[in-house]
Amino acid sequence: MDQMSEEDRQHILESSPVGTFALMSAVIGGMVVAWLFLYYGVFLPRG
Amino acid sequence: MIDATTRKLALSHLWVAFAAFIVACFMGEYQVLERSGFFPVLDSAPVYFASVSTHGVLMAFVLTTFFIMGFGYTIATTSLKQPVWNKPLAWGGFWLALVGVVLAAIPLLTGKASVLYTFYPPIVAHAAFYIGATLLVVGSWVWCAIMLVMFSQWKTANPGQAVPLPMFATAANAMLWLWTSAGVALEVLFQLIPLSLGWIDTVDPGLARTLFAWTLHPIVYFWLIPAYTAFYVFVPKQAGGYLFSDEMARIAFIVLAVFALPIGFHHLYMDPEQASGWKLLHGIGTFVVALPTLVTGFTVIASLEIAGRLRGGKGLFGWILTLPWTNTMVLSVILALLMLIFGGFGGIVNASYAMNAMIHNTAWVPGHFHLIFGGTTIIMYFAIAYYLWPLLTGKALFSNIMAVTQLWLWFIGMAILTTPWHVLGLLGQPRRISSVVYNNLLTLAWKPYEFMMIFGGLILLGSACLFIYNLVKTQLNPTSETVVAEEIEFAEPIHAVTTLPEYLNGLRLWNKVIAVLMAVSFGYPILQFFFMKTFGSSAWGY
């Protein structure tokens with residue numbers, strides 16, 4: 001952190017949070033899959 | 001520097017909150033032991049329901065209300081850099097709320113208010129319970145008034161400037177709570193107190209449930225907003241970075257305050273007194289309120305990513321490892337978000353009109369709200385307390401290692417407690433039962449999950465004791481004096497905000513929007529009780 005140049009620091013502050021996009025996509029995708037599993041795999045078979 | 005009055009005011013509120021919390025934790029562990037049916041000596045439905053009612057009231061009303069008030073006073077004075085407006089009134093609100101708690105505690109602990117924390121009629125408690133609860137709410141209204149006056153005074157004194165984000169969130173929560181508590185206040189004042197005093201013979205439970213539904217969902221956001229406030233204003237700084245976007249945070253608080261209110265009928269999906277069209281309307285609104293949570297998740301994780309990269313993290317996820325995991329605020333937000341993912345998923349299932357039938361009134365429901373409230377919300381209350389205690393007491397935290405251990409134990413304990421609780425719901429275990437008898441294949445299948453819940457509860461109880469011990473040792477430490485920063489360090493956004501459009505800097509517009517939405521979503525559903533022909537009871541009971 002101490003060795004980071006001002007240029008690198010600015011680059012980090014101005015770049016897109018790609019890791020966050022990836023994490024959020026995974027979480028939302030996981031929720032959709034889990035919801036579909038519960039709906040089609042558990043709820044509907046119970047009649 | 002926090003002035004002496006604010007310190008005393010905040011610490012008084014927070015200690016009442018945490019005293020209620022530790023008592024409720026012991027009750028919680030008793031309840032899982034009793035309900036499991038493994039210990040016949042504990043079997044007692046009256047004691048169980050008295051305990052469940054007290055546990056719910058202490059956790060959901062006393063811990064939260066006092067914590068939010070104490071936190072609010074701290075936020076208001078430090079972010080606006082002005083003293084508490086009308087200190088005698090603030091103390092008056094504190095004592096009023098405390099007298100209310102004591103008054104409500106007497107019938108609760110003597111088994112005369114075993115009505116659970118939702119106190120749905122036709123079960124009726126002793127009048128002292130309702131009167132005590134009313135005093136607690138009125139005390140919290142005093143806090144709301146003080147927060148909104150301070151918010152307004154600051155805006156008048158600083159025209160054109162952006163209200164500090166922490167105060168914007170706190171004022172939004174005060175506005176939300178005034179709207180939220182109005183529903184239950186109408187129910188208690190016009191139905192339950194007259195009924196419990198014998199002034200009237202009957203009430204319409206449908207109207208009571210409708211009015212409680214008005215309160216029951218937004219109250220969750222009243223509890224959650226301090227946690228979200230910490231996400232936005234403490235976490236980025238503690239992680240060594242910046243807030244990704246101040247404006248997105250304000251939008252999240254506004255959408256939370258506006259859309260948390262007109263959606264309560266998802267608690268009434270199975271009730272007969274409201275038509276399915278109204279329930280569908282509220283159901284759609286329930287999904288809308290998931291949006292600010294997604295915005296919050298994105299903004300907080302993006303802030304953490306910036307911090308992690310500034311600390312040398314590389315690659316798509318390498319920044320996660322460089323975060324300061326031993327910082328209690330940072331660790332708490334990571335664990336809180338993890339619990340929010342699973343708790344949020346449970347909430348989406350609850351809100352799904354059709355699927356709600358599968359889990360309605362089952363053990364899934366307490367599993368869900370323990371994960372969201374006991375998990376996400378309370379772990380952030382811990383983090384806030386660990387951060388504020390040195391500032392409020394002037395003494396360094398007794399043990400950071402103990403605090404980090406406590407947070408991990410809370411997370412692990414909550415996972416072990418709530419996972420089987422959800423499964424039990426899917427296996428058909430009803431909620432609100434006082435014991436299980438293992439005499440058929442259905443209940444025999446519940447046995448291992450009941451055992452796991454006892455174990456999870458024990459871990460949570462141990463964690464709660466560690467939390468209180470750490471705070472007590474910090475405050476009573478005779479040698480340690482101010483060795484920490486004297487000012488609260490609020491996170492700065494990447495792009496500094498100086499001016500904002502009024503809709504992102506004030507609450508007047510949103511107050512009007514809420515009024516319209518509430519009139520649309522609750523107007524006819526409430527008025528119908530006064531127009532429809534009823535037999536044997538009338539709406540208010542008069």
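Let us start with a pair of helices in chain B: the axes of helix 6 (residues 205-216) and helix 19 (residues 508-531) of chain B come within 9 Å and cross at roughly 160°. Before going on, please note that this is a predicted model, in which local features need pLDDT of at least 70, side-chain atom pairs count only at pLDDT 80 or more, and totals for chains, interfaces and linings use all residues. Residues are numbered from 1 along each chain as its sequence is written, while chains are lettered from A and ligands numbered from 1 in the order in which they are written.

Helices (H or I, at least four residues) and strands (E, at least two) are DSSP runs, numbered from the N terminus. Axes are lines fitted to C-alpha atoms, for helices over the stretch in contact, and the angles run from 0 to 180 degrees between N-to-C directions. Angles under 35 degrees count as roughly parallel, over 145 as roughly antiparallel, 65 to 115 as roughly perpendicular and the rest as oblique.

**Helix pairs in chain B**

Helix 6 and helix 19 of chain B are therefore roughly antiparallel to each other. Their crossing is left-handed (the near helix is turned anticlockwise from the far one by less than a right angle; clockwise would be right-handed). Which residues of helix 6 of chain B meet helix 19 of chain B? They are Gly206(B), Leu207(B), Thr210(B) and Trp214(B), and their partners in helix 19 of chain B are Phe522(B), Pro525(B), Ile526(B) and Phe529(B). By class, this contact of helix 6 with helix 19 of chain B has six nonpolar, two polar and no charged residues. Here Ala, Val, Leu, Ile, Met, Phe, Trp, Tyr, Cys and Pro count as nonpolar, Asp, Glu, Lys and Arg as charged, and the others, Gly among them, as polar. Two residues are in contact if their C-beta atoms, placed from the backbone, lie within 7 Å.

Two further pairs can be described in the same terms.

| Helix pair in chain B | Axes come within | Crossing angle |
|---|---|---|
| Helix 6 and helix 19 | 9 Å | roughly 160° |
| Helix 4 (residues 127-157) and helix 5 (residues 165-196) | 9 Å | roughly 155° |
| Helix 2 (residues 45-80) and helix 7 (residues 218-233) | 10 Å | roughly 40° |

For helix 4 and helix 5 of chain B, the axes cross at roughly 155°. That makes helix 4 of chain B roughly antiparallel to helix 5 of chain B. Their crossing is left-handed, and their contact has 20 nonpolar, five polar and no charged residues.

Helix 2 and helix 7 of chain B, with their angle of roughly 40°, are therefore oblique to each other. This crossing is left-handed. Thr64(B), Phe67(B), Ile68(B) and Phe71(B) of helix 2 of chain B make the contact with Phe222(B), Trp223(B) and Pro226(B) of helix 7 of chain B. Six of these residues are nonpolar, one is polar and none is charged.

Is Ile225(B) buried or exposed? Ile225(B) lies in helix 7 of chain B and counts as buried, with 26 C-beta neighbours inside 10 Å. (A residue is buried if 20 or more other C-beta atoms lie within 10 Å of its own, exposed if 12 or fewer, and partly exposed in between; C-beta atoms are placed from the backbone.) Ile225(B) and Ala169(B) are 56 residues apart in sequence but 7.4 Å apart in space, C-alpha to C-alpha.

Ala125(B) lies in the loop between helix 3 (87-109) and helix 4 of chain B. It is buried too, with 23 other C-beta atoms within 10 Å. Leaving aside neighbours within four places in sequence, its contacts include Pro107(B), Tyr130(B) and Ser196(B).

**The two chains**

Chain B holds 19 helices and zero strands. Of its 542 residues, 52% count as buried. Its C-alpha trace spans about 65 × 50 × 45 Å along its principal axes. Chain A has two helices and zero strands, and buried residues make up 11% of its 47 residues.

Where the chains meet, 23 residues of chain B are in contact with 20 residues of chain A. Helix 11 of chain B gives the largest share of the chain B side, eight residues. That side divides into 18 nonpolar, two polar and three charged residues.
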